[in-house]
Amino acid sequence: MNPSHSTPVGDDRAVRVTRVSDTQWQAVEDGVVAGTGDASLRPDGRLFVSIDAWHGAAFDRIADAMLADLPQPLHTLVDEADHDEASAWGRLGFTPARREWGHLVPTDPRATGLGDVPCPDGVTILPAGSAEDGPLRALDRVVRDEVEATAGWRTMPAEILPRPAGDTVIDPSMYAVAQEGDRYVGLVRVTPRLRLPRIGLIAVRADRQRRGIGRALLAHALGALHEAGTAWVRAEVDESNAAATALLAGTGARREGGTLELVRR
C-alpha cells in the first residue's frame, strides 16, 4: 500500500488520500470518506480512471494520488453535458480523444420496422444463452482482432465491466449468435441494467458482412426484449462509426446525450 497523501482544505481540516487496493483510492476528511478513485484496465490495454468525490478539493487530492501512482496514458469518460467535470479533468492535462453518442432504441417491431426482417439464407439466430461456450469465445476473439486491425478497438464504446484478466466474454448468457453452417459468424450482447438494458456489442465476421446478418441480430435482440416487456434499450456508438449509426437510425432510435473519452498522455 502506498503512503497517504495529506493536504489541508479550508479552515484546519485535511483530506487524506490512501491507496486501499491496486485499483482503488480513498479520500477521508474529518474521519468521513469524502471520495473514491478507481482504475480499470480494458482488454485492449487502455487504463481508465474515475473519481467520485464530494467536493473539488477531494477530487483534486485523489487525482494527484492516482496520477502519481499510475502509468500513462490514462483515460476517463465524461458526460459531455457535465462541463464542470470535463474542466476538472482538463486542468489535469486530459484532452478529448473521441466521442460516442447515446441512443434510446425502441423494441416494438411496429416502431423499429424490424418485425419481418428475415435471416439471410443459411443463417440461424441462436437465442441468448444457447450458444456453445468455446465457439462463442472464438468468434468474440476473431471479431475483436478484425476490429483492431481496421478501425481499432479504441472506437468501440468504452464500457468497463468487471471480468477476469484476459477474458473478453463477460457472461455467455448475454449473447445471441448467428450461426452459418457449422460456425458462428455474428453476435449481439445485451447487458441487463437496473434502468434500461444496454446493447453492448453487435459484430459480424468481416467475410460475412453486408449480407443482413447484423440487422437480423438486432431484430432478434429487440424482439426478445419486447416480448419480455422492455419498451426501450440503450446503445452507444462512436461518432465515427457511420454503419452502426445508420443501423440504429433505421430503427427509429433517438439520440440521447453523448460521452467524451479524455486522455492524458
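Here are some questions and answers about this chain, which is a predicted model.

Me: How many helices and strands are in the chain?
Reply: Of the 265 residues here, 43% count as buried. Among contacts between residues at least 6 apart in sequence, 66% join residues at least 24 apart. As for the elements themselves, the chain has six helices and 13 strands.

Me: Is Glu180 buried or exposed?
Reply: Start with where to look: Glu180 is in strand S9, residues 175–180. Its relative accessibility is 16%. Buried means under 20%, so Glu180 counts as buried.

Me: Is His75 buried or exposed, then?
Reply: You'll find His75 in strand S6, which covers residues 74–79. Its relative accessibility comes to 8%. With the cut-off for buried set at under 20%, His75 counts as buried.

Me: Which side chain makes a polar contact with the side chain of His75?
Reply: Leaving out residues up to four places away in sequence, His75 touches Arg46, Leu47, Phe48, Val49, Phe94, Glu261, Leu262 and Val263. The polar contact between side chains has a distance of 2.9 Å. The partner of His75 in that contact is Glu261.

Me: How many bridges join strand S7 to S12?
Reply: S7 takes in residues 95–106, and S7 and S12 run antiparallel. The number of bridges joining S7 to S12 is seven.

Me: In which sense do S11 and S12 pair?
Reply: S11 spans residues 198–204, and S12 spans residues 232–238. Ile199 has Ala235 as its bridge partner in S12. Over two bridges, the sense of the S11 and S12 pairing is parallel.

Me: Which helix makes a right-handed β-α-β unit with S11 and S12?
Reply: Take S12 as one end of the unit: six of its seven residues are buried, which leaves this strand mostly covered. S11 is the other strand of the unit. The helix that goes with them covers residues 213–227, and that is H5.

Me: Where do the buried residues of H4 sit around its axis?
Reply: The buried residues in H4 are Leu136, Leu139, Asp140, Val143 and Arg144. They cover an arc of only 130 degrees around the axis, so they lie on the same side of H4. An α-helix has 3.6 residues a turn, so residues three or four places apart point the same way. What covers the buried residues of H4 includes S9, S10 and S11.

Me: What does H4 reach from its first C-alpha to its last?
Reply: H4 runs over residues 133–149, which makes 17 residues. At 1.5 Å a residue, 24 Å is expected. The model comes close to that, with a reach of 24 Å.

Me: How far apart in space are Val142 and Val204, C-alpha to C-alpha?
Reply: Val142 has its place in helix H4, and it is partly exposed, with a relative accessible area of 26%. In sequence, Val142 and Val204 are 62 residues apart. In space, C-alpha to C-alpha, the distance is 9.5 Å.

Methods. Residues are numbered from 1 along each chain as its sequence is written. This is a predicted model: local features need pLDDT of at least 70, side-chain atom pairs count only at pLDDT 80 or more; totals for chains, interfaces and linings use all residues. Side-chain values use heavy atoms; hydrogens and water are left out. Helices (H or I, at least four residues) and strands (E, at least two) are DSSP runs, numbered from the N terminus. Buried means under 20% relative accessible area, exposed over 50%, partly exposed in between (1.4 Å probe, protein chains only). Two strands pair if DSSP finds at least two bridges between them. A crossover is right-handed if, with the strands pointing away from the viewer, the path from the first strand over the helix to the second runs clockwise. The expected span of a helix is 1.5 Å times one less than its number of residues. The arc is that of the directions from the helix axis to the C-beta atoms. Contact means heavy atoms within 4.5 Å. A polar contact is a pair of N or O atoms within 3.5 Å; within protein, one must be able to donate a hydrogen and the other to accept it, and residues adjacent in sequence count only if both atoms are side-chain atoms.
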